[in-house]
Amino acid sequence: MKNFYSALFVIIFILSVAACSETSKGSAPSNTPVDSSGYQLVWSDEFNNNAVDTTNWNFEIGGQGWGNHEQEYYQPANATVHDGNLVIAGKKEDVQSNHYTSSRMTTKGKREFLYGKVEARIKIPVGQGFWPAFWMLGADIDTVNWPACGEVDIMEHINTDSLLYGTLHWDNNGHVQKGDTLVYTPSDFHVYAVEWDASSIRWYLDGKKYHEVSILNGVNSTSEFHKPFYILLNLALGGDWPGQKIDGNKLPAKMYVDYVRVYKKM
């Protein structure tokens with residue numbers, strides 16, 4: 001009888017441990033954003049629905065070159081959600097006088113932020129004439145225009161090279177920009193981010209800093225960066241920077257966005 005109770009106790013103990021382990025696993029889903037550097041998540045789009053959430057995003061529409069002589073016509077149809085990813089597709093198709101289509105999405109008027117960490121996990125297409133971007137513009141662009149509104153390019157890539165571009169644009173008696181590049185593998189998924197506070201803006205790739213610009217006390221007339229900004233995602237085809245030759249053999253081209261997240265210092 002003593003052996004029976006000992007065995008019973010062992011069985012009950014094992015079952016209890018297993019139950020506790022299962023409860024522990026279930027209490028913290030694996031996709032819960034965790035940041036150990038003192039930031040707290042304040043907004044995100046994880047793209048887990050069946051379509052783009054228009055409470056977060058606007059679609060900019062048209063094919064007028066967008067100030068860069070781009071060749072695409074931006075339209076909502078090229079932005080879809082599949083398997084937990086936003087997919088922005090660049091296609092060879094005629095709309096009006098444009099021979100290519102894509103999508104350009106913004107959070108303007110819906111999700112605007114002053115300071116914090118802004119990041120996205122993205123996989124971009126690589127090809128001649130491709131210009132994917134993850135960036136921000138000052139929310140007062142309609143009243144002060146560009147570049148006085150300020151621009152933060154978190155990620156830009158052109159053509160088939162291996163350079164990541166992170167750049168700041170602003171106005172100081174004319175357009176001023178300051179950027180840096182990093183050699184990397186653009187066709188892989190990466191986490192692109194900036195950390196932005198009253199002192200500086202810092203660029204990161206997969207958690208490693210590679211660029212920083214001081215904005216302390218509006219140094220170099222950087223007052224633009226002490227007011228709210230909104231987020232943009234787009235895939236341009238052609239333009240002044242990548243050039244007007246587009247590799248049609250690589251179309252349709254797809255830019256995958258796993259998530260976009262914004263954190264504030266705790």
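Predicted model: local features only at pLDDT ≥ 70, side-chain atom pairs only at ≥ 80, totals over all residues.
Is Lys227 buried or exposed? Lys227 is buried, with a relative accessible area of 19%, where buried means under 20% relative accessible area, exposed means over 50%, and partly exposed lies in between, using a 1.4 Å probe and protein chains only. Residues are numbered from 1 along each chain as its sequence is written, and side-chain values use heavy atoms, with hydrogens and water left out.

Let me stay with Lys227 for a moment. Its side chain meets that of Asp140 in a salt bridge, at 2.6 Å from N to O, a salt bridge being a side-chain nitrogen of Lys or Arg within 4 Å of a carboxyl oxygen of Asp or Glu. This pair links distant parts of the chain, since Lys227 is in the loop between β16 (208-214) and β17 and Asp140 is in the loop between β10 and α2 (141-144), 87 residues apart. Helices (H or I, at least four residues) and strands (E, at least two) are DSSP runs, numbered from the N terminus.

The structure holds 8 salt bridges, and some of them are joined: Glu195, Asp197 and Arg202 are linked in a network. Within it, Glu195 forms a salt bridge with Arg202, with the closest N and O atoms 3.5 Å apart, and the side chains of Asp197 and Arg202 meet at 3.2 Å, N to O. Arg202 is found in strand β15 (residues 200-205) and is buried at 12% relative accessibility. Glu195 is buried, with a relative accessible area of 12%, whereas Asp197 counts as partly exposed at 27%. Arg202 and Ile154 are 48 residues apart in sequence, and their C-alpha atoms are 9.5 Å apart in space.

Now to the largest pocket, which has a volume of about 490 Å³. On a 1 Å grid over the protein atoms alone, a pocket is an open set of points where a 1.4 Å probe fits, with protein on both sides within 12 Å along at least five of seven lines, and lining residues have an atom within 4 Å of a point. Grid points are joined across faces, edges and corners, and the volume is the space filled by probe spheres set on the points. Of the 24 residues that line the largest pocket, the closest to its centre are Asn68, Trp131, Glu151, Glu156 and His169. Strands β10 (130-138), β11 (151-156), β12 (163-171), β13 (175-183) and β17 (229-237) each supply at least two residues of this lining.

Turning to the aromatic residues, a search of the whole structure finds 11 aromatic pairs. Rings of Phe, Tyr and Trp (its six-membered ring) pair if their centres lie within 6.5 Å, and planes under 30 degrees apart count as stacked, over 60 as edge-to-face and the rest as tilted. The rings of Phe47 and Trp57 have their centres 6.3 Å apart and their planes at 25°, so this pair is stacked. Tyr184 and Tyr192, by contrast, form an edge-to-face pair, at 6.2 Å centre to centre and with 85° between the planes. Phe47 and Trp57 are buried, and so are Tyr184 and Tyr192.

Tyr115, Trp170, Trp196, Phe225 and Phe229 form one aromatic cluster. Tyr115 also has a positive phi of about 70° although it is not a glycine; its place is in the loop between β8 (112-113) and β9 (116-123), and it is partly exposed at 23% relative accessible area.

Charges also sit over rings here, which requires NZ of Lys or CZ of Arg within 6 Å of the ring centre and within 35 degrees of the ring normal. The charged end of Arg261 sits over the ring of Tyr259, 3.6 Å from its centre, and Lys92 lies over the face of Tyr100, at 5.3 Å from the ring centre. Tyr259 is in strand β18 (residues 253-265) and counts as buried at 9% relative accessibility.

Finally, the backbone. The peptide bond from Trp146 to Pro147 is cis, with omega near 10°, and Pro147 is in the loop between α2 and β11. A cis peptide bond also joins Leu251 and Pro252, with omega about 0°, and Pro252 is found in the loop between β17 and β18.
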